[in-house]
Amino acid sequence: MKTTIRFLSPWGAGLALLLCFFPASWLFAAGEFTLDTARTAAGKGDPQAGFFLARHYADGMGVARDYAKAVAYLREAAGQGYAPAQTGLGSCYAHGQGVKQDYAEAVRWYRKAAAHGDALAQYCLGYAYAHGKGTPTNLDAALKWWRESAQHGQVYAQNALGQFYFQGEPPGDTNHINYAEAIKWLRLAAGQGYAPAMGTLGYMYQYGIGVRHDWQQALKWNRPAAEMGDALAQDSLGQMYENGAAGLPHDLVQAYKWYLLSDEQGNPLGHHDVIEFEFHHVLTPQQAAVAKRLAAGFHAQMSTNPPADTAEGQN
């Protein structure tokens with residue numbers, strides 16, 4: 001059975017710790033504010049209006065992108081106890097957008113927002129504890145905050161828990177592996193369309209890890225995750241084409257295409273399969289060229305129609 005190190009990446013799957021992150025759900029009903037009405041309301045101390053403006057300046061929506069202005073609006077709203085602004089401000093400190101990077105300051109704002117029940121802040125705080133960013137590493141605290149966040153439906157936290165219970169704490173940890181818990185949380189995250197969770201869930205069904213081997217379930221999760229760009233799912237789907245599994249045709253060109261895409265993202269499984277195909281001359285030069293054109297076409301499609309951020313709206 002193939003295995004892969006898939007633990008650290010999903011722990012970092014939440015851009016919230018690393019980027020100045022503003023889920024679209026944090027914008028209120030489209031008719032509630034315009035830029036002009038938001039400026040007026042923010043001038044009167046409305047934290048929601050200030051957050052609305054911060055999102056626009058951070059994303060360059062209707063205004064020139066200006067992280068310093070975004071941070072100024074976030075700071076004012078955060079100082080009024082508005083949890084989404086506290087989370088956003090923490091994220092800016094984590095990445096150094098509009099302010100000097102300062103993980104300890106990021107954690108300080110995440111704590112405030114997490115105490116107010118903000119699920120994204122709870123996830124970010126768990127991430128900080130897991131990786132020792134701005135606070136000493138504390139796995140128990142990380143799991144506590146991830147669980148609280150996940151119970152509020154935050155997809156990054158659900159995925160983080162699922163990945164943790166699937167693989168434990170590398171390197172070589174088996175004490176924390178709990179496949180029943182892994183399946184529970186991965187299904188919740190996968191059900192929200194989150195590709196890393198879908199890819200791991202498909203992998204578990206494909207190889208019968210913690211669940212009964214089921215090709216159809218493997219295909220159900222692997223194909224959409226692969227099409228969303230998940231490297232593990234791409235390799236798994238390639239394996240399914242190589243073996244003609246789950247009713248798929250035995251198609252070595254498609255298999256090689258998916259292996260190439262997985263390898264390009266640094267997945268060791270995809271790299272292994274590409275090397276095997278090339279070393280054993282599985283394809284003719286013409287077939288390999290077709291697979292490479294298909295992979296290039298996939299990239300073009302992804303750049304034109306990137307997958308939506310399914311983590312938006314989860315807190």
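I started with Arg 39, which forms a salt bridge with Asp 36, the closest N and O atoms being 3.5 Å apart. My cut-off for a salt bridge: a side-chain nitrogen of Lys or Arg within 4 Å of a carboxyl oxygen of Asp or Glu.

The model is predicted: local features need pLDDT of at least 70, side-chain atom pairs count only at pLDDT 80 or more, and totals for chains, interfaces and linings use all residues. Residues are numbered from 1 along each chain as its sequence is written, and side-chain values use heavy atoms, with hydrogens and water left out.

**Salt bridges**

I searched the whole structure and got four salt bridges. I noted three of these pairs, beginning with the one above.

Arg 39 and Asp 36 both sit in helix α3 (residues 35–43), three residues apart, about one turn of the helix. Helices here are DSSP runs (H or I, at least four residues), numbered from the N terminus. I then checked accessibility (buried is under 20% relative accessible area, exposed over 50%, partly exposed in between; 1.4 Å probe, protein chains only). Asp 36 is exposed at 56%. Arg 39 is partly exposed at 33%.

Next I looked at Asp 59 and Arg 55. Their salt bridge has its closest N and O atoms 2.3 Å apart. Both belong to helix α4 (residues 47–59), four residues apart, so about one helical turn separates them. An α-helix has 3.6 residues a turn, so residues three or four places apart point the same way. Arg 55 is buried at 8% relative accessibility, and Asp 59 is partly exposed at 28%.

I also found Glu 181 and Arg 147 in a salt bridge, 3.6 Å from N to O. This pair links distant parts of the chain, 34 residues apart: Glu 181 is in helix α11 (residues 179–191) and Arg 147 in helix α9 (residues 139–151). Arg 147 is partly exposed at 25% relative accessibility.

**Helix α16**

I moved on to α16, residues 268–279. Its twelve residues reach 16 Å from first C-alpha to last, close to the 16 Å expected at 1.5 Å a residue. The expected span is 1.5 Å times one less than the number of residues.

Which residues of α16 are buried? I listed Leu 269, Gly 270, Asp 273, Val 274 and Phe 277. They cover an arc of only 135° around the axis, which puts them on the same side of α16. The arc is taken from the directions from the helix axis to the C-beta atoms.

I checked what these buried residues pack against: α12 (195–207), α14 (231–243) and α15 (252–264). Contact means heavy atoms within 4.5 Å.

Methods: Helices (H or I, at least four residues) and strands (E, at least two) are DSSP runs, numbered from the N terminus.
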